[in-house]
Amino acid sequence: MSGITGAQIRAARALLRWSADELAKFADIGLSTIRRAEAEDGVPSLTSANLKLIRLALEAAGIEFIPENGSGVGVRFKKQAPDG
């Protein structure tokens, strides 16, 4: 599981329309940890466990993290499987 950036965390939270408080609750970590993570544009200097909890909470809510691919990192909603 690769690292995610503070900018990606901010963007993912905005897509979900979650407050920092809500992300902290869903990730089961402190609000100050979320704020520290989002203060950095690059990979935050958090423990790998806390970064993983943030990533898992956002992915469970439908976020997909886009890795660096020459065009920069990003986030988007996961594509939903068609019903049928």
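A nonpolar core is a set of buried Ala, Val, Leu, Ile, Met, Phe, Trp, Tyr and Cys residues joined through side-chain atoms within 4.5 Å. I also noted that buried means under 20% relative accessible area, exposed means over 50%, and partly exposed lies in between (1.4 Å probe, protein chains only).

**Ground rules**

This is a predicted model, where local features need pLDDT of at least 70 and side-chain atom pairs count only at pLDDT 80 or more, while totals for chains, interfaces and linings use all residues. Residues are numbered from 1 along each chain as its sequence is written, and side-chain values use heavy atoms, with hydrogens and water left out.

**Entry 1: the core**

I looked up the largest nonpolar core and found 20 residues in it. Ile9, Leu23, Ile34, Ile54, Leu58 and Ile63 touch the most other members. Helices (H or I, at least four residues) and strands (E, at least two) are DSSP runs, numbered from the N terminus.

I picked Leu58 and listed its contacts (heavy atoms within 4.5 Å). Skipping neighbours within four places in sequence, Leu58 is in contact with Ile9, Ala12, Arg13, Leu16, Trp18, Leu23, Ile63 and Phe65.

**Entry 2: helix 1 on helix 4**

Two packed helices are described by the angle between their axes and the distance between the axes. Axes are lines fitted to C-alpha atoms, for helices over the stretch in contact, and angles run from 0 to 180 degrees between N-to-C directions. For helix 1 and helix 4 I got an angle of about 30°, with the axes 11 Å apart. So helix 1 is roughly parallel to helix 4. The cut-offs are under 35 degrees for roughly parallel, over 145 for roughly antiparallel, 65 to 115 for roughly perpendicular, and oblique for the rest.

Who meets whom here? Ile9, Ala12, Arg13 and Leu16 of helix 1 meet Leu51, Ile54 and Leu58 of helix 4. Sorted by class, this contact has 6 nonpolar, no polar and 1 charged residues. In that sorting, Ala, Val, Leu, Ile, Met, Phe, Trp, Tyr, Cys and Pro count as nonpolar, Asp, Glu, Lys and Arg as charged, and the others, Gly among them, as polar.

**Entry 3: helix 2 on helix 4**

Helix 2 and helix 4 pack at about 100°, with axes 8 Å apart. That makes helix 2 roughly perpendicular to helix 4. Leu23, Phe26 and Ala27 of helix 2 touch Leu53, Ile54, Ala57 and Leu58 of helix 4. By class I wrote down 7 nonpolar, no polar and no charged residues.

Ile29 sits in the loop between helix 2 and helix 3. Is Ile29 buried or exposed? At 12% relative accessibility, Ile29 counts as buried. Beyond four places in sequence, Ile29 touches Ala24, Ile34, Asn50, Leu53 and Ile54.

Asp28 is in the loop between helix 2 and helix 3 too, but Asp28 is exposed, at 66% relative accessible area. Asp28 has a positive phi of about 60°, though it is not a glycine.

Thr33 lies in helix 3 and is buried, at 8%. Thr5 lies in the segment before helix 1 and counts as buried at 11%.
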